[in-house]
Structure formats: structure tokens, C-alpha cells
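Please examine the sequence and the model shown below. The paragraphs that follow lead through it step by step.

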Amino acid sequence: MKTHHNARGGKASGVRLFFRYILMAILCFLCLFFFYILIINATHSHFEIQRGFSFLPGSSFLMNLNNVLNDANIPVLSGIRNSLIVSGMSALLSVYFSALTAYGIYAYNFKFKKAAFTIIMLIMMMPTQVSAMGFVRLITAIGLKDTLVALFLPSIAAPIVFFFMKQYMESNLPMEIVEAARIDGCGEFYTFNRIVLPIIKPALAVQAIFGFVTAWNNYFLPALVIDSANKKTIPILIAQLRSADFLKFDMGKVYMMVLLAILPVVIVYLLLSKFIVRGVALGGVKQ
Amino acid sequence: MTPRALKSKKHSISYAKWGYRFIAPFFLVFAVFQLIPLLSTIYYSFFEFYRSGLKEIGPNFVGLENYRQLFATDLPKYMGNTVLLWIIGFVPQIVISLLLAAWFTDMRIRMRAQGFFKTVIYLPNLIMASAFAMLFFALFSDNGPINSLMLTFGWISQPIRYLSNVWTVRSMVGLMNFLMWFGNTTILLMAAVMGVDTGLYEAAEIDGCNSHQMFWKITMPLIRPILIYVIITSMIGGLQMFDVPQILTNGKGSPDRVATTIIMYLNNHMFSKNYGMAGAVSVVLFVISAVLCLVVFSVLTREDDGLTRAQRKELKKKGGKA
């Protein structure tokens, strides 16, 4: 089959293929080149960086790392801890409660089922920024301003995750299993936790990764909610770095900080890339 | 209990209450953290309400005064900026993504290393946008690596001041948005193209169509719903553009506020605690988003016949008459 087509395509398709690979190479270069410079410069000292760019790694990696970790103005370690708490909790809450909601709408019949579904679909793509002002005033009023809880609690209502879960249930969760569980005397809640959740595990995992990454990268809302230095998340620290007096800054430190901010996500991605890319194609929805 | 509920209980166990219980947390949190804030945002947009020093002025009802002020002063400029920055990133994105999707799914000329390529082009999507912008800021600074490289290669004789030139700043924001999103779009469009019935291509081949014709006459019409979905969600994402220009220009949108987006403007009002104006900006954003959300809704709730809900209703009406 393959040889047949190649033979017929002949020389023309060879030229075409060549151009396609050239464009692909350029795009790959664009995607990777900036990260290459980032990694290289994170291993050079400030003076080496100021002297001009070198393609080879330097020997100041540990020194830069040490400088970043010991900078009292940029609490990186607590930043990483806060980011991990917020992202982990966001991922967990959004996945569990979205699955719960999706199951509620998928498995049961009730009067406002259709209305509930329509509402979620309508607000699915609504930017959270539209209610940000009211949100900040609200959490100030109920004493949640400047807390990490205010950053992850709202992820219980995650319409996009809901939509993905519902689609997944429709094609992977036969109602017969649920009915069998009922006959065996399982309670509804038990059925969901012990029977439904294991079946939809692949969907849970993909959405948990996306939920984690989205929260990890989120800058707008945390910057409005958090005031105390020891509660700041990584993106807020990056912004702080940017607004510092740049000319006096140790560039080795700047590159190292950026590297620390993106590294956890890159490592997870490289380990699970196949899984994640398939998740993007399957879900069809990611903000 | 109403008589009707009693009656249905006789026939079978009603699980309806479980449905409500399962969806309750979602709707409760949605109401508290999104709906109520949205309503209060809309409410305060009609008030003069800001902080001046330690004193809080208002809230005094002023009707549409905030909106009038918005449109009379800065908002049109920032809306224009946002649209322009979105277009600069989106046009190359959709062109490249369509091209790649068509190539990757081309049955006649198989491309190798697809898995590797998809992995690489999706990578920038997961990178923290603020860190990415910080990286670009460092790389493109006056004595940064990009200038240093270009000087070494002899391409330029003077460092280019990327961050103080209108078009280089715009291009950098566009380039970052392009890099962050073209992988995602490519994967979505590929999935759409692969969903097209291959029999159609075989039939077209027998009829003597070339690949150009196949792409424009078969692929494009059939992936239209996903294409619309991609365009509209990208528009909604573009409306929310914030991290990249904010960090790149340190919130100033410099030079001359050409990179100040709507959300950066909202952010400025929030930080200066001008609740009235912040509310009005939010409402404008809400109205635009609502229109776009309706389009997404109609695309996603489209059934297999390719019709939207409205179209089906129309059809039913016509059928009823006939």
C-alpha cells in the first residue's frame, strides 16, 4: 500500500516531503531554542552572561541555584510549596467534583437535569476575570483574602473538566454496571466512589494533569488575592522579579528562577507526553 | 410529598434526589464564587466607588457614567490593542496548524517522527506564560543573548532595542502566543481531520481530485464545526490576554501603552481599588464573552446531523407546517 503510493508520487512527493520536513525543523527549532538559551544561561554567572552568549554550558549552575534559594526578597522555596499546595488541591477538587457533577447528570433523571447541563455549557468558556472584582470583594468580606484556600476552593466548579468527564462517561461507562451495583445493594455514593471512579480513571488522570498545570501557571487571580510574602505563588514571584530594578540584577539568578518555575511542568510533561497529547486530542476542550 | 411523587414511587425507586445531591457542590460553589461576584461586579459598575488615599469614595449611583468615561477615554485603544495582538498571534497559528494537520493526516505521503514532533510543538503550551514572558524579556533585552548572537553573526551592527519599539513589542507578544498555542490547535485539528470518513477521499481520488481539491472541498467543510470552535475559543483566550504583555512590559504596556490589553486595564483599576470602573470594564468583557460563549455552546451541542439546536427547531417548525 505504502510503496504503491510512494512509487506513484515519485519525485514530486519527494520534494514535497523535503519541504515539509524543513518547516517542521524550523518550528521545532523555534519551540526549543529559547529553552536551550534558558538552560545554558542558567549555568553561567552574571559576568559570563553580560560578556555575550555562549552555546556551551558553564559551571555556575549550583552557584545560581544557591543564590536564588537564599535570596530573602524572593522566597522561592515557600513559593514552590504554595504553588504545589494550590495546584495539587485545585487538580484534586476540580477532578473529583466535576466527575461527581458529570455522574449526577449522566446517571440520574431529574427535573432540572437539562437546565443544569445547559447552564454549565453556557458558562463553560466564560473568562473568570469577568467576576474577579466581585470575587476579591467577596473573599475580603468572608475573611479569605490573602489565603491559599481562596485560590483553590473555587475549582470545585470547573465546567470544562465537567464537560470532559461527561463525554468520557457517555462512551466508557455503561449504566448496566451501575444497575448491577445497585442490585448488589451498593449505596449511590459508594457506587460512585468505588465503582465509577476506577472506571473513569484515565479521564481523571488527564484532567488532573491539566488542572495542576493551569493552576501552577495562573497569575492574574493569585496576584489580586495574595499579599503576604510567605503566601506568594511562583508566578507572583516572577512578576516581582520583573518589576525589580533590572540593571542591578544578577542575570544568572533571573534565568535560574525562570528555570525553576517551568521545570516541574516540563519534567512531568516529558514523562507523560504521549498520554497528555492524546488527552488533548480526545478532550477537544482545554481553555 | 406531592401525590405525583407518591405515584411514581409505587412503580420504581426514584433516584432523582441523588442527581440533585451529586450536582449540589458544583452549583453551590459556582453560585458563591462566580455568580454572586459577577452580580456584584455588574451592580457596582453603575456606581462611583473608588479609594482615594485612605478614604473610600462612594458608592454613589451614577448610572452609565462609568461606561461613558470608559468609551470616551482609554478602553477603545486597549480593545484595539487586544484585537491586534490576538490577530498577530492567531493568523500564523491557524495557517500553520491547518497545514500541519493536513500533512500529518495525508495518507499518500506519510511523515515520520510525528510523535516526537507533536510532543515538541505542544510543550510551549504548558509553560508558565509569565515565566515565558520573563524569559523573552531577558533574551531580547538590549544586551541580551539575541542581540549578542546577531552581533556575533554580523547580522546587525547596533543592538536592536526590541522592548522600546512598537512593532517589535507587538511581534514578540504575537510570537509568544503563536508558540504557546499552535501545537494545541494542530492536535485539535488533526483529531478533526482524522474523524473524516476516509471513503470520501477514496471516492474523490477515483473521480480524479487532486489533494488541493480534496482539502478545500472535503476536509475544510467537514471540519468546520471544530474550526469554528478553535477560532472562537482562541478569541475568548485572546480577550483574556494578560500574563505575557503584563510581564513583558512590567504592566506598563510600553512603549506608549501599545501592549496594554483589556485585562491589564482591568488589573490596573483593581489595584488602584476603583471598583466602579473595574466593574464597568468587567461588564464590557462579560458582554463580549457571552456572545462568543453562545457560539461555542451551539457548536458543542450540535448533534450528529451537523445542525445546531436553532436549525433543528426551525426544521421541525417547517416539517410541522408541511
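Predicted model: local features only at pLDDT ≥ 70, side-chain atom pairs only at ≥ 80, totals over all residues.

Helix 2 of chain B, residues 16-44, packs against helix 14 of chain B, residues 275-300, at an angle of about 115°, and their axes are 7 Å apart. Because of that angle, helix 2 of chain B is roughly perpendicular to helix 14 of chain B. The crossing of helix 2 of chain B with helix 14 of chain B is left-handed. On the side of helix 2 of chain B, the contact is made by B:Thr41, B:Ile42 and B:Tyr44, while helix 14 of chain B contributes B:Tyr275, B:Gly276, B:Gly279, B:Ser282 and B:Val283. By residue type, this contact of helix 2 of chain B with helix 14 of chain B comprises 4 nonpolar residues, 4 polar residues and no charged ones.

B:Thr219 belongs to helix 10 of chain B, which covers residues 211-222. Is B:Thr219 buried or exposed? B:Thr219 is buried, because 21 other C-beta atoms lie within 10 Å, and a residue counts as buried at 20 or more. Leaving aside residues up to four places away in sequence, B:Thr219 touches B:Ala102, B:Val193, B:Val196 and B:Met214. B:Met194 is 25 residues from B:Thr219 in sequence, and the two are 9.6 Å apart in space, from C-alpha to C-alpha.

Attention now turns to chain A. Its domain assignment gives domain 1, formed by 32-70 + 245-272, and domain 2, formed by 73-237. The C-alpha centres of domain 1 and domain 2 of chain A are 33 Å apart. Where these domains of chain A meet, 8 residues of domain 1 are in contact with 7 residues of domain 2. On the side of domain 1 of chain A that touches domain 2, helix 3 (61-69) and helix 14 of chain A each supply at least two residues. Helix 14 of chain A gives the most to that side, with 6 residues.

Finally, the two chains may be viewed together. The contact between them takes 78 residues from chain A and 78 residues from chain B. Among the elements of chain A that give two or more residues to the side touching chain B are helix 4 (76-107), helix 11 (201-217) and helix 14 (251-283). The largest share of that side, 17 residues, comes from helix 1 of chain A. The side of chain A that touches chain B divides into 53 nonpolar, 17 polar and 8 charged residues.

Definitions and conventions. Residues numbered from 1 in each chain as written. Chains lettered and ligands numbered in written order. Contact = placed C-beta atoms within 7 Å. Helix = DSSP H or I, 4+ residues; strand = E, 2+ residues; numbered from the N terminus. Nonpolar A, V, L, I, M, F, W, Y, C, P; charged D, E, K, R; others polar. Axes fitted to C-alpha atoms, helices over the stretch in contact; angles between N-to-C directions. Parallel < 35°, antiparallel > 145°, perpendicular 65-115°, else oblique. Left-handed = near helix turned anticlockwise from the far one by under 90°. Domains from an automatic or database assignment. Buried ≥ 20, exposed ≤ 12 C-beta atoms within 10 Å, placed from the backbone.
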